[in-house]
Each structure stands twice: as C-alpha cells, then as structure tokens.
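Open the model in your viewer and keep the selection panel at hand. The stops below can be followed in order.

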Amino acid sequence: MKALTLKVKKPMSYDKQKMLFGILFLAPWLIGFAGIFLYSMIDSVIYSLSNVYFLGPASADQVAAYIADQGLVGQTFFKMGILFEFVGLDNFVYAWNVHSEYRRVLISSMVESLINLPVILIFSLLIATMLNTKFKGNVFARAIFFLPVILASEAVTIALSQAVDLQALMQGDSLGIFGNFQLNTLLIESGFPESVVEFLVSIVNTIFVIISLAGVQILIFLAGLQSIPTHLYEAAKVEGATPYESFWKITIPMVSPHVITVGVFTIVDSFLKSPVTSLIIQTKDNQQYGVSSAMAWIYFVAVMLLLGIFVYLANKGAFYYDDER
Amino acid sequence: MTNVKSWFAKLVIRLKKGLSKSKEKVTSKAFKFTVVNKTKQTSISIIRGFIIFGLCFIVIYPILQMIVASISDLRDLNDPLVVWIPRTISLQTIKIAASAIDYFAALRNTFIMAVGVMVITLFTTSLAGYAFARLRFKGMTVLFIFVVFTIVVPPQTIAMPMFMIFNYFGLTSTFWPLFILAFTGMGIKAGIFIFIFNQVFRNLPKELEEAALIDGCGIVRTFYNVMLPNAKSAVVTVMLFSFVWQWNDVFYSQLLISTQYLDLLSLNIAEIAPRLTYILYQLGIDQTVAEGMSRNPLVVGTIANTAAILMLLPLLIGYIFVQRLFVESVERVGIVG
C-alpha cells in the first residue's frame, strides 16, 4: 500500500526520449550544417554575384568614404568587415570568357575524370575480385594494395611537380638512379615493334596512377563482394555454372549498387585533386574573391552535371537484391 | 643388389597399377573433366600470381626508389653506373630535407593536429551516425539527404566564406579552425564517416538495444557501452581514414592555417622548392653553389623525394602495425550504395 501512495515521477516515454537524444546526438552536426555549411553556401552565392572589398573593421562613415573614393556604382552593402558591390553575373562571365586558363582547365579535368571513371571502376572491381579469392600471400598482397591509400598525398605530388615532372621520373630517362626501370629498352632489344612497346609502357605507367586513385574504391568493392551471400554461388555451382558464368550472372549484378557509391566517390575525388582546385585557391590569393567564388560555382555545376548523368545511367543498370531483413 | 631388385619390382608394380588406373580414368568422363579442371585451375592461379606480383611491384617500386635515392650521396644521382645500390651512403640529403621542412617542429604540430581531429571526428560522426540509424524522428530522411549533399558539394565551393568566418574570429593562426570543423562534422569527408557509421549501426541486431534497455541502460549508456563496442570495425576505419587524410591534407590546411604561424608537414613540403636556396644557404653552403643546386631539377627532385619520405615515414611505420586491423575492419564495414 505504501508503494502506491508514493509519488512516482512519471518518466518520459521512450519515444520522446529517443527523439530528444536524437536531436542531442545530432546537435554538433546540425550546428555545423546550419552555421558553417549552409551559411557558407549562401554567402558564396553573394560573393560570386559581387565585387568584394576586404576592408576589415570600419565605421559606416569610413565605408561611405571608401565607396566614394573607389567610385563604386553598384548597390553596396557592408558585413563583417567586407564590402560587397553587386555586379550581377559579371564574375561568371569573367571566369568563363575572360580568364586565360579557367575554361581550358575545367574542361580538360572534366574530360580526364570522364575517361578515368570507367577505367577506375573496371580496374578496382577486377582487383577486388582477385583479392577476394583465397591464395597464398593474400594478406600481404592486400596490405601492399592499400599502401597508395595511405601514401596518396597531394603535398608530395605538388612538391615533386615543382621539381621534375613526375612522369619523367617514372618513365625513366637516363637519369642515373631514377632511370633503371628499363622495360622499354629491354622489350625493344628483344625484337618487339616499337609502337607495341610504347603502348605497353604507357599502360604500366598509368597503372601506378590508377592504383593510387583506386584504393578506396577497391575497399568498397571488396566490402560489397564479401556481403554477397555464398548460397547463391553454391546454388549456381550445383546447377553446373562455370566460375565465368557465375561472375557475370551473380557477382556483377550483386555488386552493381556499389558501382554508384564508387562512381560518385571517384568523380568527387578526381575533381578534388584536379588543377581546378589550385586555380580557385590561386585566384582567391590574388584578392579576386568574387571571381574565385564564381569559379567554384561553375565547377560545382559541372560536378553535379557529371554526377547526375552518372547516377541516372548507373541507377538504370543497377540491380537491387530485395533481401528483406 | 637386392635393393635394386626390389626397387625395380616396385616400379613395375607401380607402373602396372598406374597404367591400369589411368586406362580406367581416361575412359571415364569424370577423369577427363578433373584433368582439364586441374590444368585450368593451375594456369589461372599462375596468371593471377603474375598479375598480382606485377601490380605489387609497380606499387612498391617508386617507394623503394625514393628510399634508395634518399640515402645515397647527391653525386651518385648522375652516375649511370649506380643502379639501386648507392656507391656511398650519406645522410646529407636527409639532413637537408629535414631542415628544409623544419621536420621536428612540423612533425609535432602535424601529429597534434591529426590526433585531435581524429578524436573529435570520431566523437561527432559516431553520434550523428547512431542518431541517423536508430534515434529516428520525423524529418530525419531530409537531414540524411543533407548529409549526402555535404559529401557531394566540393569543398571549394564553400571554401571562401568558410575562410572568412574563421578569419573574422581571428582563428587562422591556430589549430582551432580544423578542430571546429571536425567537431561540427564538416571536416575532410566527414559526411562519408557519418554514412559509414549509419550503415554499420543499422546492421546491428535490434535485440542488442532492447536487451540493454530492459537491463536499465539509458540511451547514452546503450550507445557508449553496447553499440559502440559492437561497431569496432567502423571505429577503426573512421579513425584511420580521418588521421591519414588529415595528415596528408593540403587543401584545408592551406586555406585555414597560415604557414607563417604554424609549421605543418604537408604545407612545408608543398613549398619546398621555392624555399630551397635559402635553406641551403643557411646550412653553410656557398650562395652561388646553393643557387646552382636549387636550379638543378635532379637535386630538387631528390630533396623533395626525401622530404616526402620523411613525411610519410610515421604513416608507413604505423601502417605496418595496424595494417591487419585496417584491412579486416574495412571489409566488414559493408558500405552499401
């Protein structure tokens, strides 16, 4: 009886608690998304539509004096030590039509990532399939294959490109210690036609670049391959399918959803590493803040275009294994 | 003699047996099939071995080359007789490279930064991933689409205003911009980490959570004591990737931290070529010689190479120890598109 008379504080219902903690757990990310990401997105639109003058902390009079001094005609407003003069789409026109390099660099890196995409997709799928089979030295080979993921550093690439063209190092001209990978000489001496040799050597040279670009992709495909239920292969084997057939009929369809993940990652990654990035930063360092933002937006639209086309095509071909669990 | 005789007899018996056996097998279809299969299998494994060995060689080759170049004397670089094994081993290149990138100060800074970012990123992304997977409320799907959005939007697009925010608060000479970015889940590819955590938490059995609830765990304790230990694979993956990416990062560091105030390995290496003349001069090399050296692409290349090795050395050593954990854990994560 005593227990009944005790006043029990009614606990919050589990669902309510869940929601409260959900918001609490998400809070840091929400703050970041609203405060940094969304704010920066909106701000960068404003930047790209205006001329930006970096004044620092200044009073209203000083700003007015500055506007008169510079003879700014457009609509202006002042925020956080920065003066904006609205110029419409001028920055975009400048970046696209007037800037000496931007359009060329953007188009060439788009083409490059379009060419690299299927190569990286096929290559990483093949390597993942190969690494997924059991053989001696399995662990060792995997460890080596993921070295490029660890060692792929933009900083190193930048440092080396300042000194010697990295490609020249790899191709091994007569550069002493660097020039000892004499595959081409060996092949030509042994009587292969020169064009064939050059083709082979160029493949070997690009393989290193591709491996260093494909590390994460191989990992994703490996994860995908290992999530394929083995009973599918067993059933196919019982029915008399060859490994070749089960690769095309089981592995490829089951792995196809991962193609989207890998493709999106590849496109985003290849753009992040492209010369467009350094060009945008360079423009920013030259105090052309508005133009830099406009460049970033053109670039964003280009990436979204590529991504959209890719995801549309990939989604059409992808196969989803409806495994209710 | 008897030995030879018995050996011969055995051989004859064996041959007879073998012949009779093989006759049987050749006539049977099954035997043909296994023979074909066996040769096929061995040939496939030989080809696979070749390809894997070749690719491994291609990956390792430039690393070995860099190491050899870094420990050999600068004069050996032009010597066509020197292949792989340097004539004289000298630490001169390493010394120059180490002082060119201000190695020990930069190493300390980079280490502090990478570890800090790693821990903070793990905290934020695991919480967010768990919330997305299990603590769902209305409008969660929209928020998750926003996560995907942060992955897809290139950081260049929002780089400028981001810099302005941190510049306005006067933080660009400290680590704080990177730490704040990590804490708010906007750091390097943080969206992908949230994605990974979401995927893993979603695949854990619901019974785990229910059992914890019945035993009287609150939501925080369920997360920390029950769910997080079960998502060890994702934890390892996220920690490793955030550490390595931060260590190698140029973009965010270049944007948000000025080198004048803080030495970072990646930034110092990216600027090694322009700084070289001055550093050589400081090391007591005659100015004209120093200028000549820093105009020689081979010398600059070698020194940049050596600096790169110095930068990647801690990562390489760490990788040897955690490699097994890393490769295993990543496979189990099972990112699904």
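This is a predicted model: local features need pLDDT of at least 70, side-chain atom pairs count only at pLDDT 80 or more; totals for chains, interfaces and linings use all residues.

In which handedness of crossing does H4(B) pass H11(B)? The crossing is right-handed.

On the H4(B) side, select Thr110(B), Met113(B), Ala114(B), Val117(B), Met118(B), Thr121(B), Leu122(B) and Thr125(B). They meet Val235(B), Val238(B), Met239(B), Ser242(B), Phe243(B), Gln246(B) and Trp247(B) of H11(B). By type, the residues of this contact are 10 nonpolar, 5 polar and no charged.

Next, the core. The largest nonpolar core has 145 residues, and Tyr130(B), Ile269(B), Ile303(B) and Ala307(B) have the most contacts inside it.

Centre the view on Ile303(B). Beyond its neighbours within four places in sequence, Ile303(B) is in contact with Thr93(B), Ile96(B), Ala97(B), Ala100(B), Ile272(B) and Leu276(B).

Zoom out to the whole of chain B. Its secondary structure comprises 16 helices and 0 strands. Of its 337 residues, 38% are buried. Among contacts in chain B between residues at least 6 apart in sequence, 76% join residues at least 24 apart.

Switch to chain A, which has 15 helices and 3 strands. Here 33% of the 325 residues are buried. For contacts in chain A with a separation of 6 or more, 74% are between residues 24 or more positions apart.

Select H6(A), residues 138–145. Its buried residues are Ala141(A), Arg142(A), Ile144(A) and Phe145(A). Why are they on the same side of H6(A)? Because they cover an arc of only 160 degrees around the axis.

The last stop is H14(A), residues 275–285. Val276(A), Thr277(A), Leu279(A), Ile280(A), Ile281(A), Thr283(A) and Lys284(A) are buried in this helix. Finally, pick Gln287(A), which follows H14(A) and has a positive phi, near 70 degrees.

Key
Residues are numbered from 1 along each chain as its sequence is written. Chains are lettered from A and ligands numbered from 1 in the order in which they are written. A nonpolar core is a set of buried Ala, Val, Leu, Ile, Met, Phe, Trp, Tyr and Cys residues joined through C-beta atoms within 7 Å. A residue is buried if 20 or more other C-beta atoms lie within 10 Å of its own, exposed if 12 or fewer, and partly exposed in between; C-beta atoms are placed from the backbone. Two residues are in contact if their C-beta atoms, placed from the backbone, lie within 7 Å. Helices (H or I, at least four residues) and strands (E, at least two) are DSSP runs, numbered from the N terminus. The arc is that of the directions from the helix axis to the C-beta atoms. A crossing is left-handed if the near helix is turned anticlockwise from the far one by less than a right angle, and right-handed if clockwise. Ala, Val, Leu, Ile, Met, Phe, Trp, Tyr, Cys and Pro count as nonpolar, Asp, Glu, Lys and Arg as charged, and the others, Gly among them, as polar.
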